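Hi,

Here is the structure I said I would pass on. My notes follow below it.

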Amino acid sequence: MNAIELNNLTKTYNDGSITAVDHLSFDVKEGELYGLIGPDGAGKTSIFRMLTTLLLPDEGTAKVNGYDIVKEYKTIRNIVGYMPGKFSLYQDLTVEENLNFFATLFGTSIKENYDLIKDIYIQIEPYKNRRAGKLSGGMKQKLALCCALIHKPTVLFLDEPTTGVDAVSRQEFWEMLGRLKKQGITILVSTPYMDEAGLCDKIALMQSGKILSIEKPQAVISNFNEKLYGISKGNLYKIMLDLRKYEQTVSCFAFGDALHLRLKSNADDNVSNIKMYLKNHGYMDTEVKEILPGIEDCFIKLLG
Amino acid sequence: MKQLFTFIRKEFYHVFRDQKTLLMLFGLPIAQIILFGFALTNEIKNAKIVIIDYAKDRASAQIIERIEASKYFEVDKTLISHREMEAAFKEGKIKMALIFPENFNYNLLHTNSNQIQLIADASDINTATTLTNYMSSIIMEYQNELMKENLVTMTIVPEVRMLYNPQLKGEHTFVPGMMAMIMLLICVMMTSISIVREKEMGTMEILLVSPFQPLMVILSKFVPYILISLVNVTSILLLSWLFLDLPVKGSILLLYSESFLFIITSLALGLFISINAKSQQSAMFISLGLTMLPTLLLSGFMFPIENMPLPLQIISNIIPSKWYYIIVRSIMIKGSTFVAIWRETLILGVMTLFILIISLKRFKIRLV
């Protein structure tokens, strides 16, 4: 059964002049960890708000656990967990008070569902008497996740839960999501970070309210079907500008400490050709090698 | 029920942890009562007055001497015309004028009675009353001495004229007005801000995606401010009794019940504002504009409604604080019972119900 179903879901703002979500359809299976990947403004938050019954769609329908998001919004509000993109707990309440409040709000108690949040809560428990506003970014997100989980939701909506969180906390956060998935909770998560996409069961790459592709992360990569070259060492910015003038170049982008280069052909002598081209332009000791594509490379390719 | 309790407890946390606001909530009424109280009871020193002496005889000279000797007045004895005097009043140069008629001493000795005209600027009621009282007592003292000397009854009647506000409206009525203002300030502004804050901080988003009932949020927002306001009513009444010698003449229970009704009116107004306001700042400004200004200007607290142009008189009817002000003034100062104020109470009650119903209906169950 599908936990979430979207059918031509559309949301416009400013009397229809801005289309945030454009006739989207996709399904999320029960127990799936489903990622919405896309840059800011792709329409991810609008999708979350429609699915959590906070916004009414302009067109199309959607169901969460079989309940219609418009007609049966009250039922949906009882069974889902939602963590908005912006930290939205009471900053002047302590960690424990926040958690208690949300537990009572859903008619349960921390004790009752402690098992579910234990792994996460244990990390913030030493700070349980600290006000939520005084927590670090990663702690805040862990607390918000606890609050969203405390009533044992069947579907969990996480809108950019790791934005603004340090790399270690991000990794921990995703490990937690993996554990929650094992408990059978369906999770829809959005992120602008491509490296997190690989941790999902399925990802939908989004751009301007539309879905570019829906695949398993491995499939996205295997669909890349092209060779990709990594160039490192030297003045990468100048090299990038020069490489973009190379007649064979399709695209060239900087990725951390290397450049990723796509060429028109997949010929075997490409590496030596690139080296030659760079030498002719005065770059003597650069390193050029064939590399495996990541999700981000696929995304850039999809964007054309 | 347990949910409601948790909600209310949460609201109390919000209120008591914001210490600056808390200080304002309890300190403001006390500060205002004391400030206004001092303005009301503080003696006046060196008030500028003008003495127009048409008599220039023994008696007038003796009275002027006494006036000059007192620390209350700064006397100007230049003879000015009636028109000049009025101009001086309008410009605020003088607070009072004292006019001796011609042949003051002669008439006093022959008819055993005479008059002195006191003209005071009653746009500032408190000062005017205090000054005329001081002046009357100086004249009275002089009159008593004359009687001892001459062994005949002599009366000098100070004929008092209050310029600009002859009926002295507003005397001692600032306490009822202050009660209305403080309750509006706390209930309207604080509730609207606290609901809008939930929207601004994003917590409303989470609350909405939960089984909560809008009524529950509203009720729990109301409870702390009802309590704070009742505490404030008590402190205002205590202060006005202890400092200003203004006890409640009517039934205290009635006064509290009417105040409770007005608190609910204010809370409903706050709720109404919060539904339309987008940020805490705009909630604050709308609250101030929609409640403080009309209360100051149109409730009859500062300016008598009867003196207003007709359109403003009509508008004043839709201002809840006008009705509450009338009610409190009646109970506190006149000692009225419910029979005398049932109409005002009914109007206030209907207004409250109306605002509450509209607000509840328009309470948004989704984000806009």
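Helix α5 (residues 104-111) of chain B lies across β3, β4 and β5 of chain B. Its direction runs at about 130 degrees to β4(B). Axes are lines fitted to C-alpha atoms, for helices over the stretch in contact, and angles run from 0 to 180 degrees between N-to-C directions. Helices (H or I, at least four residues) and strands (E, at least two) are DSSP runs, numbered from the N terminus.

This is a predicted model: local features need pLDDT of at least 70, side-chain atom pairs count only at pLDDT 80 or more, and totals for chains, interfaces and linings use all residues. Residues are numbered from 1 along each chain as its sequence is written, while chains are lettered from A and ligands numbered from 1 in the order in which they are written.

Now the sheet. Five strands of chain B form an open sheet, order β2-β1-β3-β4-β5, with mixed pairing (strands pair if DSSP finds at least two bridges between them). β2 (73-76) and β5 (155-163) of chain B are at the edges with a single partner strand each, so one side of each has no neighbour in the sheet. The twist averages 25 degrees from one strand to the next. Helix α4 (residues 82-90) of chain B also packs on the sheet, touching β1 (47-53), β3 (96-100), β4 and β5 of chain B. Its direction makes about 175 degrees with that of β1(B).

Strand β4 (residues 113-121) of chain B runs parallel to β5(B), joined by nine bridges. Ala120(B) stands opposite Met162(B) in β5(B).

Last, the interface. 23 residues of chain A are in contact (C-beta atoms, placed from the backbone, within 7 Å) with 20 residues of chain B. The largest share of chain A's side, four residues, comes from α3(A).

Best wishes

Notes. Two residues are in contact if their C-beta atoms, placed from the backbone, lie within 7 Å.
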